[in-house]
Amino acid sequence: MTPSPLQRRREPSQARGRQRVEALLRATASLLEEVGYDGLTTKAIAERAQTSIGSFYQFFPNRDAAVAALVDGYEADVRAFLHSHAGDQLEEAGAPIGAEWVGSLVDGLSALYATFPGFLGLWAAQVKDNPLQREAQKLRDALQDSLDEILRQRFPKVPAAQRNRCLVMVIETGHSLLNAAESADDARRQLLQEELKVMLAGYMSRYFRDA
């Protein structure tokens, strides 16, 4: 059965309402980190935000809408980071894809993701078979779309199909190894992260060159 489109939140018009929405989103994020999607309830969100359940429903029709709004914010932050950091660095380098740029990208995104409570569960798409599956996919799409735009501008001779083929593999490989690193001990986590950079740099350099 195809899930119906998620209802979005009602945008607050006053500063007090915006503050309440931010408190509800912070509560949603912290609960996702602690209990996961299955344990998330509107009552728990309202209690964590120290507000009433009626206040929750004033802005969000259900828990899925609250998580969708959280994902919207994460998506915007990922796009902003890539265009202000990765794009500028690649333009300044003026050279084919290298280990330094890829390493900076992996480190920067890892640090950014660490600031997003509940992010790993969403990024790993651990919300399958419910209306939030498409919301989880939005995070990957934001990453791929932004990288595609940056690389298209830097390497205009690379065909779109070739860019897409490469980025699908880069994102899926990075996703798998970074998830594995999250549950590993410190030494193994460092090994996985460092070798991921080497792998991605070598792979991407085959696709992106000026000639």
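Helix 8 (residues 160–182) has 23 residues and spans 32 Å from its first C-alpha to its last, close to the 33 Å expected at 1.5 Å a residue; the expected span is 1.5 Å times one less than the number of residues in the helix. Helices here are DSSP runs of H or I with at least four residues, strands are runs of E with at least two, and both are numbered from the N terminus. The buried residues of helix 8 are Arg163, Cys166, Leu167, Val170, Ile171, Gly174, His175 and Ala181, where buried means under 20% relative accessible area, exposed over 50%, and partly exposed in between (1.4 Å probe, protein chains only). An α-helix has 3.6 residues a turn, so residues three or four places apart point the same way.

The model is predicted, with local features needing pLDDT of at least 70 and side-chain atom pairs counted only at pLDDT 80 or more, while totals for chains, interfaces and linings use all residues. Residues are numbered from 1 along each chain as its sequence is written, and side-chain values use heavy atoms, with hydrogens and water left out.

As for confidence, pLDDT is the predictor's own score for each residue, from 0 to 100. Its mean over the protein chain is 82, and 82% of the residues reach 70 or more. Confidence is highest in helix 2 (residues 42–48), at a mean of 96, and lowest in helix 6 (residues 119–123), at 69. Over residues 1–6 pLDDT stays under 50, and the model has nine contacts for them beyond four places in sequence, a contact being heavy atoms within 4.5 Å. Where pLDDT is low, the predicted coordinates should not be read in detail.

Turning to the overall fold, the protein chain has nine helices and zero strands. Of its 211 residues, 43% count as buried. Among contacts with a separation of 6 or more, 70% join residues 24 or more positions apart.

The largest nonpolar core holds 54 residues, and those with the most contacts inside it are Phe60, Leu82, Met204 and Phe208. Helix 4 (residues 63–93) gives the largest share of this core, ten residues. Such a core is a set of buried Ala, Val, Leu, Ile, Met, Phe, Trp, Tyr and Cys residues joined through side-chain atoms within 4.5 Å.

Six aromatic pairs are found in the whole structure. Rings of Phe, Tyr and Trp (its six-membered ring) pair if their centres lie within 6.5 Å; planes under 30 degrees apart count as stacked, over 60 as edge-to-face and the rest as tilted. Phe56 and Tyr57 make an edge-to-face pair, at 5.3 Å centre to centre and 90 degrees between the planes. Phe56 is buried, with a relative accessible area of 0%, whereas Tyr57 is partly exposed at 44%. The pair of Tyr74 and Phe116 is stacked, with 4.2 Å centre to centre and 10 degrees between the planes. This pair links distant parts of the chain, 42 residues apart: Tyr74 lies in helix 4 and Phe116 in the loop between helix 5 (99–113) and helix 6. Tyr74 counts as buried because its relative accessibility is 6%, and Phe116 is likewise buried at 6%. One aromatic cluster is formed by Phe56, Tyr57 and Phe60.

Charged groups also meet rings. The charged end of Arg63 sits over the ring of Tyr37, 4.0 Å from its centre; this requires NZ of Lys or CZ of Arg within 6 Å of the ring centre and within 35 degrees of the ring normal.
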